[in-house]
Amino acid sequence: MTVGFDYSKSFIKKHEVEFMKPFLKEAHNLLHDGEGPGNEFIGWLDWTEKYDRQEYEKIKTVASSIRQKADVFIVVGIGGSYLGARAAFEALTHTFHNLLPKETRNAPQIYFAGNNMSPKYMTDLMETLDDKEIYVNVISKSGTTTEPAIAFRILKSHLEEKYGKEEAKNRIFATTDKSKGALKTLATNEGYETFVIPDDIGGRYSVLTPVGLLPLAVAGIDIDQLMEGAHEAAIQYGNPNIDENRCYQYAVARQILHRRGKEIEILVNYEPGLQYLGEWWKQLYGESEGKDGKGLFPASVNFTADLHSMGQLIQDGKRNIFETSIVLESAQKDLEITEDEENLDGLNYLKGKTIGHVNRKAFEGTLLAHLEGNVPNLIISLPRLDEFHFGKLIYFFEKACAISGYLQGVNPFDQPGVEAYKSNMFKLLGKEGY
């Protein structure tokens, strides 16, 4: 019932880990004593102990009501306001959730908006909403982030035109700052139900707050188990002893490989439902470590599909990469491969075996090939893909990211570089003051 970690295939030597122990101890103390850079944003560290139980119960009550009434639930947000919820949704629901009959999925169709500037995406989304009962969750600390603000303006107008202003307000839920900001002001003025983004938790660390919990509860995901997994992880990964703390082993291993000249970490999955976990992970590590001229470049691939494209580069390309593979020890669903009389595809040797078995051998064969190609491999394993273990995995990555950032010598909780493109875009658009 735990998240496993194995760095025995990474070519890392024991003395390299021993060398890092004093630095790890310092990083642990900086984080847990609240004395490191960005310490005003470490509320996620003990979040499973201190979260507002009353608001949590409100999330479950509101989500239950929405599930009964809504045909469509639209989550409006970008970056940390969206990626964590999207990652959990894709991993923990039916692969074709939105195509299932409503009585089968026991939840509305879930769509995401405000995470891009594409006019086609937004137009296509609006065209799917005819004759549907629509509810919207807009997520933003400020309410002025361009992409979600534009999407919400369009959706708000649509709801008010369709239902009238009074009824529209009952279908809009705002997750935002507790006391200030444009979205909070709008929500107060319009009478929207609101949920709070904690002041001391940054967006990319916020999936276990109302930012992620409301959409996930609406989707029918067991958020009690999600939080229980994260709570167990918080206890387990609070241990400063690297020999007993797999989370710290991961943080140290990736920094050792970085110091060896490995510039790119590739997160590998063998399950399509984990694709968006890779997207969330890329933001978490890219935004946390990519500063001061430092940082591993986080990339992700989806195997076995990408073995037929990126596989060549990983196997034979420049040796500046290492892989971190997420492996499931068991599949919740599986199919047996049957015999075919003509055997034109040559697959009868697999008769009686399952697709899950073949997938596991694909991982094992790929691992052997990439090790022969001198690609270091770190392996993270989950007993199964469910809410409890996904919650543990989320906390595993968050804690490792914070420790890794301190080991690297950066503030893992700010993102000063994000503002550069915005200033240029606002200037080109003619926004006053730019």
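C247 is buried, with a relative accessible area of 0% (buried means under 20% relative accessible area, with a 1.4 Å probe and protein chains only). The model is predicted, so local features need pLDDT of at least 70 and side-chain atom pairs count only at pLDDT 80 or more, while totals for chains, interfaces and linings use all residues. Residues are numbered from 1 along each chain as its sequence is written, and side-chain values use heavy atoms, with hydrogens and water left out.

**Exercise 1.** Find how many disulfides the structure holds.

Solution. 
- A disulfide is a pair of cysteine sulfur atoms within 2.5 Å.
- The structure holds zero disulfides.
- For C247, the nearest cysteine sulfur is that of C401, 10.0 Å away.
- C401 is in no disulfide either, and C401 is buried at a relative accessible area of 0%.

**Exercise 2.** Determine where the buried residues of α11 fall, seen down its axis.

Solution. 
- Helix α11 covers residues 223-236 (helices are DSSP runs of H or I, at least four residues, numbered from the N terminus).
- Its buried residues are I223, L226, M227, G229, A230, A233 and A234.
- In general, an α-helix has 3.6 residues a turn, so residues three or four places apart point the same way.

**Exercise 3.** List which helices the buried residues of α11 pack against.

Solution. 
- Contact means heavy atoms within 4.5 Å.
- The partners are α2 (47-50), α3 (53-69), α4 (83-92), α10 (210-218) and α16 (387-408).

How values were computed. Buried means under 20% relative accessible area, exposed over 50%, partly exposed in between (1.4 Å probe, protein chains only). Helices (H or I, at least four residues) and strands (E, at least two) are DSSP runs, numbered from the N terminus. The expected span of a helix is 1.5 Å times one less than its number of residues. The arc is that of the directions from the helix axis to the C-beta atoms.
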